[in-house]
Amino acid sequence: FMPVLSPNEHQFGVKVANVFHGNFSKKIPTIHAIVLLFDSATGEPRAMLDGENITAVRTGAASGLASDLLARKDAQTLAIFGAGIQGRAQFEGVHAVRNIQTCLLFDTNRNQAESLADDLSSRFECDFRVAESDRELRKAEIICTATNSFEPVFSDTSLGSGVHINAIGAYTREMSEVPPATVARSKIIVDQRDACLTEAGDLIKPIKSGLLTDQNIHAELGEIVENKTEGRLNEKEITLFKSVGNAIQDLVCANYIFETAVAKNLGTTINL
């Protein structure tokens with residue numbers, strides 16, 4: 001349940017999301033969500049939108065922004081863990097800001113990884129490969145983790161120098177995708193400090209084990225956007241963007257879709 005208010009835009013909204021991990025075995029999405037938009041001056045409902053796709057788009061966009069600010073400028077090899085809707089959006093976000101020539105796809109379901117490779121190959125000029133082992137990660141200059149894993153999805157020793165990581169899948173205290181040793185030696189950037197320290201197992205677990213403290217969080221992504229602090233300093237440091245989701249991103253994305261639909265006479269009008 002993620003309520004959000006934007007007074008300047010005279011709008012508020014709420015995303016309601018259900019997470020059912022057992023859906024994986026049923027071959028249906030783990031997350032189902034809707035986004036509701038309201039006029040903040042009158043309280044009138046304005047729109048109801050598909051929250052799953054909005055979540056994927058805004059999360060992919062955030063990873064694209066983080067990659068633009070933190071990844072090496074010459075990065076051409078991307079690795080993605082998780083071949084679902086989020087994995088697709090992660091590629092699209094990173095591809096928008098870097099000249100990605102090779103994309104390594106990792107998934108416990110090889111058929112799903114192959115399906116995503118086929119889909120993306122039809123739309124992008126890039127060499128998509130279904131990876132066999134995390135040993136292939138040494139080639140990757142950007143890594144995106146978009147899974148529901150409760151354990152790290154790669155080993156710390158498999159990383160190459162100067163890699164940038166977008167970790168967007170572990171959104172509860174119990175989950176984790178990135179090895180604690182990797183987190184401890186990375187420059188950590190988050191979408192929201194308080195939310196990540198409350199919800200992100202990728203940070204909470206290393207803090208509990210004494211590998212780092214909350215003071216190891218270098219900055220929020222917005223602070224780098226506003227030039228309040230620096231991002232990457234050299235070609236060798238590992239940068240880690242940890243995201244658990246930001247409701248204002250849902251509102252901005254949903255509002256853009258709504259206004260575009262109104263302008264193009266799309267969607268379905270319902271009289272309440």
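Visitor: Is E223 buried, exposed or partly exposed, and why?

Guide: E223 counts as partly exposed because its relative accessibility is 24%, which falls between the limits of under 20% for buried and over 50% for exposed. Please bear in mind that the model is predicted.

Visitor: Which side chain does E223 meet in a salt bridge?

Guide: The side chain of E223 meets that of R193, with a distance of 3.2 Å from N to O.

Visitor: How many salt bridges does a search of the whole structure find?

Guide: The search finds 18 salt bridges. In general, side chains of opposite charge can pair when their charged atoms come close.

Visitor: What does K15 form a salt bridge with?

Guide: The partner of K15 is D250, and the closest N and O atoms of the two are 3.3 Å apart. This pair, too, joins distant parts of the chain: K15 is in strand β2 and D250 is in helix α8, 235 residues apart.

Visitor: Are K15 and D250 buried or exposed?

Guide: Both K15 and D250 are buried.

Visitor: What about E141, which residue is its salt bridge partner?

Guide: E141 forms a salt bridge with R72, and 3.4 Å separates the closest N and O atoms. Distant parts of the chain are linked here as well: E141 is in the loop between β7 and β8 (142-145), while R72 is in the loop between α1 (51-70) and β5, 69 residues apart.

Visitor: Why does R72 count as buried?

Guide: R72 counts as buried because its relative accessibility is 14%, and the limit for this class is under 20%. E141 is buried as well, because its relative accessible area is 15%.

Visitor: Going back to E223 for a moment, what was its class?

Guide: E223 counts as partly exposed, at 24% relative accessibility. As for networks, salt bridges that share partners join R72, D74, E141 and E235 into one.

Visitor: New topic, the sheet. In what order do the eight strands come?

Guide: The order in this open sheet is β7-β6-β5-β8-β9-β12-β10-β11, and the pairing is parallel. At the edges are β7 (127-130) and β11 (217-220), each of which pairs on one side only. On average, neighbouring strands of the sheet are turned by 20° against each other, with direction ignored.

Visitor: How many bridges pair β5 and β6?

Guide: Strand β5 (residues 77-81) and strand β6 (residues 102-106) pair over five bridges, in the parallel sense. One of the positions to look at is T77, whose bridge partner in β6 is T102.

Visitor: Which helix lies across β6 and β7?

Guide: That is helix α3 (residues 110-121), which runs at about 175° to β7. R110 lies in this helix, and R110 counts as partly exposed because its relative accessibility is 38%.

Visitor: What does R110 touch, leaving out residues up to four places away in sequence?

Guide: R110 touches V130, A131 and E132. The C-alpha atoms of R110 and A131 are separated by 9.1 Å, and the two residues are 21 residues apart along the chain.

Visitor: How do β1 and β2 run?

Guide: Strand β1 (residues 2-6) and β2 run antiparallel and are joined by five bridges. V4 stands opposite G13 in β2. The hairpin of β1 and β2 has four residues between the strands, and H10 takes a positive phi near 55° there.

Visitor: Where else is there a positive phi in a residue other than glycine?

Guide: N227 is one of them, with phi near 60°; N227 is in the loop between α7 (221-225) and β12 (239-242). N227 counts as exposed because its relative accessibility is 69%. N265 also has a positive phi, of about 55°, and N265 lies in the segment after α8 (247-263). At 70% relative accessibility, N265 therefore counts as exposed.

Visitor: Last one. Which residues form the nonpolar patch on the surface?

Guide: The patch consists of F1, V16, I34 and M48, which together have about 430 Å² of accessible area. V16 is placed in strand β2 (residues 11-19) and counts as partly exposed because its relative accessibility is 34%.

Technical notes
Residues numbered from 1 in each chain as written. Predicted model: local features only at pLDDT ≥ 70, side-chain atom pairs only at ≥ 80, totals over all residues. Heavy atoms only, no water. Pairing = 2+ DSSP bridges. Helix = DSSP H or I, 4+ residues; strand = E, 2+ residues; numbered from the N terminus. Axes fitted to C-alpha atoms, helices over the stretch in contact; angles between N-to-C directions. Contact = heavy atoms within 4.5 Å. Patch = residues over 30% accessible without salt bridge, like charges linked within 9 Å, V, L, I, M, F, W, Y side chains within 5 Å. Areas by Shrake-Rupley, 256 points an atom, 1.4 Å probe, with all protein chains shown as cover. Salt bridge = Lys/Arg side-chain N within 4 Å of Asp/Glu carboxyl O. Buried < 20%, exposed > 50% of the residue type's maximum accessible area, 1.4 Å probe, protein only.
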